Amino acid sequence: MSNLENFTPQPTQDGSFTFFSTEFNEAFHSHYGAKQESLLKFAVPTRLPILAKTGFIRLLDVCYGLGYNTAAALKTIWEVNPSCHVEVIGLELNPIVPQAAISHQLFTNWDNKYSKILSAIAFKYQIQSDYLHANLLIGDARSLILKLQKSGFQADAIFLDPFSPPHCPQLWTIEFIDKVSKCLHPNGLLATYSCAAAVRTALLSAGLVIGSTPPVGRRTPGTIAGYSAHTQTLTTSEFLPLSQAEIEHLQTRAAIPYRDSNLSDNTEEILRRRQQEVNVSNLESTSQWRKRWLNYPPSGFTP
């Protein structure tokens with residue numbers, strides 16, 4: 001675990017701040033903006049403004065991190081319906097991260113009630129009020145998701161926000177995403193910033209239908225997923241189908257998934273296993289796919 005002093009706020013373009021993780025060698029958010037990413041990659045695609053009108057929403061925030069996704073979700077919901085009841089389950093490996101966000105006062109430009117909520121979640125791991133019941137579960141998300149699934153928890157919206165697959169493959173495997181999908185309500189939606197073919201393969205293997213979300217802070221899209229019966233009720237503006245290029249990308253070696261059958265392997269084992277599978281695959285290479293689609297995907301894309 002890291003100390004609070006190990007986290008230095010870094011400004012992003014929308015005026016919000018993020019941290020850089022030395023453990024995963026990545027920033028928690030892109031330079032575009034932590035606050036905007038949480039809103040446009042997670043809260044809006046999962047249709048929280050519409051769900052708010054129902055009066056009750058369950059959220060699962062996988063990799064709670066600094067708390068931006070939960071904060072953006074609550075703000076989005078309560079701006080539509082201030083009396084909407086919300087239940088939040090957050091999964092986080094390192095409790096120092098949300099605590100550092102509070103200690104560095106990263107939410108001072110938010111309404112004071114959100115700062116108080118996030119502070120309680122970060123330091124007490126829970127908060128219960130008239131319209132909110134939130135719990136932050138600390139530990140390996142792979143173990144936590146098994147317990148959550150057994151409890152019967154069904155989320156209306158799931159935010160899947162680990163570090164990138166090359167740096168944190170254990171939370172993008174077929175096995176882990178299958179367990180996450182079992183915590184998704186039949187009429188719920190799962191959102192992630194990643195459009196990696198291996199991630200999308202795992203979502204499809206879990207029995208979900210996938211679509212794209214608009215790019216935010218980068219030229220590549222995110223991914224939205226849900227069960228077929230529900231996604232068929234949505235318009236293309238609510239659930240954008242994959243393009244032909246994206247569909248064909250799922251037929252390349254890039255789509256070979258990460259595997260972790262016992263939900264216990266380390267990063268190196270998972271990466272090595274996938275690379276061995278890639279090396280003997282007869283599927284089309286990503287470079288060949290890129291040539292066929294000229295400049296798609298744009299630079300910066302991580303297959």
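Glu 79 counts as exposed in this predicted model, at 55% relative accessibility. Its salt-bridge partner is Lys 75, and the closest N and O atoms of the two are 2.5 Å apart. Lys 75 counts as partly exposed, at 29% relative accessibility. A search of the whole structure finds 12 salt bridges.

**Salt bridges**

- Glu 79 and Lys 75 both belong to helix H3 (residues 68-80), where four residues, about one turn of the helix, separate them.
- An α-helix has 3.6 residues a turn, so residues three or four places apart point the same way.
- Arg 47 and Glu 238 form another salt bridge, with 3.2 Å between the closest N and O atoms.
- This pair links distant parts of the chain, 191 residues apart: Glu 238 is in the loop between helix H9 (228-231) and strand S13 (240-241), and Arg 47 is in the loop between helix H1 (34-43) and H2.
- Arg 47 is buried, because its relative accessible area of 15% falls under the 20% cut-off.
- Glu 238 is partly exposed, with a relative accessible area of 25%.
- Arg 292 pairs with Glu 284 in a salt bridge whose closest N and O atoms are 2.3 Å apart.
- Both are partly exposed: Arg 292 has a relative accessible area of 41%, and Glu 284 has one of 23%.

**Helix H8**

- Helix H8 (residues 197-205) is mostly covered, with seven of its nine residues buried.
- Among the buried residues of H8 are Val 199, Arg 200 and Leu 203.
- The buried residues of H8 pack against several elements, including helix H7 (174-181), strand S10 (184-192) and helix H11 (267-279).
- Gly 207, which follows H8, has a positive phi, near 90°.

**The whole chain**

- The protein chain has 12 helices and 13 strands.
- Of its 303 residues, 55% are buried.
- Among contacts with a separation of 6 or more, 71% are between residues 24 or more positions apart.
- The accessible surface of the chain is about 13500 Å², and carbon and sulfur atoms account for 51% of that surface.

How values were computed
Residues are numbered from 1 along each chain as its sequence is written. This is a predicted model: local features need pLDDT of at least 70, side-chain atom pairs count only at pLDDT 80 or more; totals for chains, interfaces and linings use all residues. Side-chain values use heavy atoms; hydrogens and water are left out. Buried means under 20% relative accessible area, exposed over 50%, partly exposed in between (1.4 Å probe, protein chains only). Helices (H or I, at least four residues) and strands (E, at least two) are DSSP runs, numbered from the N terminus. Contact means heavy atoms within 4.5 Å. Accessible areas come from the Shrake-Rupley method with a 1.4 Å probe; for residues, only the protein chains shown count as cover. A salt bridge is a side-chain nitrogen of Lys or Arg within 4 Å of a carboxyl oxygen of Asp or Glu.
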